[in-house]
Amino acid sequence: MHLKLAREFGLPSFGKMVAQSDARRIHNMWRIYRSYRKSLALGKAQMVGLPFSVSVEPTTSCNLRCPECPSGLRSFSRPTGMLSQDLFRKFMDESAWHIQYLNFYFQGEPFLHPRFLELVKEASSRRIFVATSTNAHYLSKETSARVVDSGLHRLIISMDGASQEHYAAYRIGGKLEKVLQGIKHVAEARRSKRKQFPEIVVQHLLLKPSLHERFEVKRLALEAGADRVVFKTAQVYDPDTDHHLIPDEPEFSRYEKGSDGRFRIRNKLLNQCWRMWSGCVLTWDGKVVPCCFDKDASHVLGDIQALSLDKIWYDKPYESFRNRLLVSRSEIDICRNCTEGTKVWA
């Protein structure tokens, strides 16, 4: 039953971790799902339960300068910094019991946080499935051994090209060789320690300049030791008539051209959003924002330094935001480029 619930709620199928989850977490997930269905039926936000999927931002710092990323562009209007261990421990003490899945990523490169793997161990020790996303430039042999020991369950590695030319055209300042070395180091550390985790997932953005390299990316990644490779359509912040990153083939893009020649996201923007019931995002300085599309934290719904997440989750700002999207989601700025309800994996 636990695995069935995990599939129903879009959680990773992580076998023993789900099977060992205590009854409170499973019951909480069920209450959230029922709240969501009731809210859609009534057209008014109902909430019973607490978020079971949370993204936590270790840092806004990044070593690369990717052109469609606020971290890469150094273009944040919000404060930048690093998550404190004390703040994260406070969050865990208050909220770990209802969190099933924790993604240690929002903006920035997590491995730039000097105590990142200690944060991972703090979460995984509480029987939470922990994932992170990285550009893999800091996965030395020593760090990779610590990654395996930390209890991390899923390591997502960005690899957006099979040649240095096309990889560095988007991952500006990056080295493809370092990515492949990082995959090898983690795979070797996992094998030598006879551990099952972390699962190594290589993620390839389907970008127009490097689209032809996608099969070579898969071959190289699997040969290096990745468990699987996933292709993901790319988000751009200002779609126009000839955006150089959007593929021409519609099956590889989350955008389509309108009658005016401009690209628009292929999303009817229905007045619903599962993410607003199942989870949230926590910035490095404790701000709670609706989802990963609010990259500049323009819709702060609370601050865990002032209130616990369970109080924020039921507070007026959250209730108001949920009701807004149930009435007219297209009027919320961060929703207009959102893929909720569309196919984003090719």
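Residues are numbered from 1 along each chain as its sequence is written, and side-chain values use heavy atoms, with hydrogens and water left out. Because the model is predicted, local features need pLDDT of at least 70 and side-chain atom pairs count only at pLDDT 80 or more, while totals for chains, interfaces and linings use all residues.

We can start with the sheet. Nine strands build an open sheet of mixed pairing, in the order S6-S5-S4-S3-S2-S1-S9-S10-S11. Helices (H or I, at least four residues) and strands (E, at least two) are DSSP runs numbered from the N terminus, and two strands pair if DSSP finds at least two bridges between them. In general, strands of a sheet pair through backbone hydrogen bonds, either parallel or antiparallel. The edges are formed by strand S6 (228-233) and strand S11 (302-303), each of which pairs on one side only. Strand S10 (residues 287-289) and S11 run antiparallel and are joined by two bridges. Here Val-288 stands opposite Gly-302 of S11.

Helix H6 (residues 116-124) touches strand S2 (101-104) and strand S3 (129-134), and its direction makes about 175 degrees with that of S2. Helix H10 (residues 214-224) touches strand S5 (199-206) and S6, and its direction makes about 150 degrees with that of S6. Touching, or contact, means heavy atoms within 4.5 Å. Axes are lines fitted to C-alpha atoms, for helices over the stretch in contact, and angles run from 0 to 180 degrees between N-to-C directions.

How much of H6 is covered? Seven of the nine residues of H6 are buried, where buried means under 20% relative accessible area, exposed over 50%, and partly exposed in between (1.4 Å probe, protein chains only). The buried residues are Phe-116, Leu-117, Leu-119, Val-120, Glu-122, Ala-123 and Ser-124. Their cover includes H5, S2, S3 and helix H7 (141-150).

H6 also has a helical partner. Helix H5 (residues 85-95) and H6 pack at an angle of about 10 degrees, with their axes 11 Å apart. The two helices are therefore roughly parallel to each other, a term for angles under 35 degrees, with over 145 counting as roughly antiparallel, 65 to 115 as roughly perpendicular and the rest as oblique. Gln-85, Phe-88, Arg-89 and Met-92 of H5 meet Glu-118, Leu-119, Glu-122 and Ala-123 of H6 in this contact. By class, these residues divide into four nonpolar, one polar and three charged. Ala, Val, Leu, Ile, Met, Phe, Trp, Tyr, Cys and Pro count as nonpolar, Asp, Glu, Lys and Arg as charged, and the others, Gly among them, as polar.

Charged pairs come next. A salt bridge is a side-chain nitrogen of Lys or Arg within 4 Å of a carboxyl oxygen of Asp or Glu, and by this rule the count comes to 19. One of them pairs Arg-89 with Glu-122 (3.7 Å, N to O). Arg-89 lies in helix H5 and Glu-122 in helix H6, so this pair ties together parts that are 33 residues apart in sequence. Arg-89 is partly exposed at 33% relative accessibility, whereas Glu-122 is buried at 17%.

A salt bridge also joins Arg-126 to Asp-93 (2.8 Å, N to O). Arg-126 sits in the loop between H6 and S3 and Asp-93 in helix H5, so the pair ties together parts 33 residues apart in sequence. Arg-126 is partly exposed at 25%, and Asp-93 is exposed at 53%. A network of salt bridges links Asp-86, Arg-89, Asp-93, Glu-122 and Arg-126.

Glu-223 is exposed at 57% relative accessibility, and Arg-219 is partly exposed at 37%. The axes of H10 and helix H9 (residues 176-192) come within 8 Å and cross at roughly 35 degrees. Leu-180, Ile-183, Lys-184 and Ala-187 of H9 make this contact with Leu-220, Ala-221 and Ala-224 of H10. The residues of the contact are six nonpolar, no polar and one charged.
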